[in-house]
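This report describes one protein chain for a reader who is new to structural analysis. Please examine the sequence and the structure shown here before reading on.

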Amino acid sequence: MEVTYSPLGDRAVVIEVADAITPETQNRVQVLSSYFDEHPPGWMIEYIPAFTTVTVFYDILKVSKNTQHPYKKVCEELDAILSSVQGNRQFASRTIEIPVCYGGEFGPDLEFVAKHNGIQPEDVIDIHTSGDYTINMIGFAPGFPFVGGMPEEIATPRRDSPRLAIPERTVGIAGKQTGVYPIETPGGWQLIGRTPIRLFRPELDPPSLLAAGDKLVFRSISLEEYSNWEEHD
């Protein structure tokens, strides 16, 4: 599909780069995001990347100095930017390993995920650690990664009744996605394990360990390894 623009109020533009979540779409979103990081337009306040869109917020006073149609002017400049970054340019992603202690008190829904898919809990772990994962976006909670690429063999719907509090660093499954809760928060994902790594540290810059476009590798660890890791974190 062609890139489309939609107004979001009178101070933002939603750029839709595709209508499906694919590796190509992810690359286009991340290439555009990288451009905004390196060459932010003078009128831009911030941008927010998502699955298939990038929303750009702009300072209407800075834009309106040269035009009576700020939205149209911003769209024209975005068109020029998109033309300059399109082509074969590839986003340079990082690969980050996430150790996970599966099951037990850390993964109370592991057996449900296994039963739902007609397999054993050990199979869920093997399949979850074999996925080719990419973070599609960060959202919902600070540093929360929506991770695509999970094998469909362990896809499981959300819980009918969300939990009021899910401990930070808990790994979950919702539909065909997996993710990690970076802070304690309510949630309805199926919980299968926990990582000893803190994903969100507000005292750091940037505070989130993960970013959209990162590649993830999940690795199974024992409870002893988890405890030792947590002691030294």
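Pro99 is buried, since its relative accessible area is 0%; buried means under 20% relative accessible area, exposed means over 50%, and partly exposed lies in between (1.4 Å probe, protein chains only). Pro99 belongs to strand E5. Helices (H or I, at least four residues) and strands (E, at least two) are DSSP runs, numbered from the N terminus. In sequence, Pro99 and Glu225 are 126 residues apart, while in space their C-alpha atoms are 9.4 Å apart.

## Basis of the model and overall form

This is a predicted model, in which local features need pLDDT of at least 70 and side-chain atom pairs count only at pLDDT 80 or more, whereas totals for chains, interfaces and linings use all residues. Residues are numbered from 1 along each chain as its sequence is written, and side-chain values use heavy atoms, with hydrogens and water left out.

The chain contains 6 helices and 13 strands. Taken along the principal axes, the C-alpha atoms fill a box of roughly 60 × 40 × 35 Å. Of the 233 residues in the chain, 48% are buried.

## Salt bridges

How many salt bridges does a search of the whole structure find? The search finds 8 salt bridges, where a salt bridge is a side-chain nitrogen of Lys or Arg within 4 Å of a carboxyl oxygen of Asp or Glu. One of them joins Lys73 and Glu77, whose closest N and O atoms are 4.0 Å apart. These two residues are separated by about one helical turn because they are 4 residues apart in helix H3 (residues 70-85). As a rule, an α-helix has 3.6 residues a turn, so residues three or four places apart point the same way. Lys73 is partly exposed, with a relative accessible area of 30%, and Glu77 is likewise partly exposed, at 29%.

Other salt bridges connect separate parts of the chain. The side chains of Arg94 and Asp214 meet with an N to O distance of 2.5 Å. This pair links distant parts of the chain, 120 residues apart: Arg94 is in the loop between H3 and strand E5 (95-102), and Asp214 is in the loop between strand E12 (190-194) and strand E13 (215-220). Arg94 is partly exposed at 41% relative accessibility, whereas Asp214 is buried at 2%.

A further salt bridge is formed by Asp109 and Arg159, with closest N and O atoms 3.9 Å apart. Asp109 lies in the loop between E5 and helix H4 (110-116), and Arg159 in the loop between strand E7 (145-148) and strand E8 (163-166), so the pair ties together parts that are 50 residues apart in sequence. Asp109 counts as buried, with 6% relative accessibility, while Arg159 counts as partly exposed, with 29%. Through salt bridges that share partners, Asp109, Arg159 and Arg163 are joined into one network.

Which residues form the negative surface patch? They are Glu111, Glu122, Asp123 and Asp126. A patch is made of residues with over 30% relative accessible area and no salt bridge, like charges being joined within 9 Å and nonpolar side chains (Val, Leu, Ile, Met, Phe, Trp, Tyr) within 5 Å. Helix H5 (residues 121-128) gives the most to this patch, with 3 residues. Glu122, for example, is located in helix H5.

## Backbone features in the loops

The peptide bond from Asp205 to Pro206 is cis, with omega near 0 degrees. Pro206 is in the loop between E12 and E13.

Phe140 has a phi near 70 degrees, which is a positive value in a residue other than glycine. Phe140 is placed in the loop between strand E6 (133-138) and E7, and it is exposed, with a relative accessible area of 55%. Arg169 has a positive phi of about 75 degrees although it is not a glycine. Arg169 lies in the loop between E8 and strand E9 (170-174) and is buried, with a relative accessible area of 10%.

Notes. Accessible areas come from the Shrake-Rupley method with a 1.4 Å probe; for residues, only the protein chains shown count as cover. Lys and Arg count as positive and Asp and Glu as negative; His and the chain ends are not counted. The place of a charge is taken as NZ of Lys, CZ of Arg, CG of Asp or CD of Glu.
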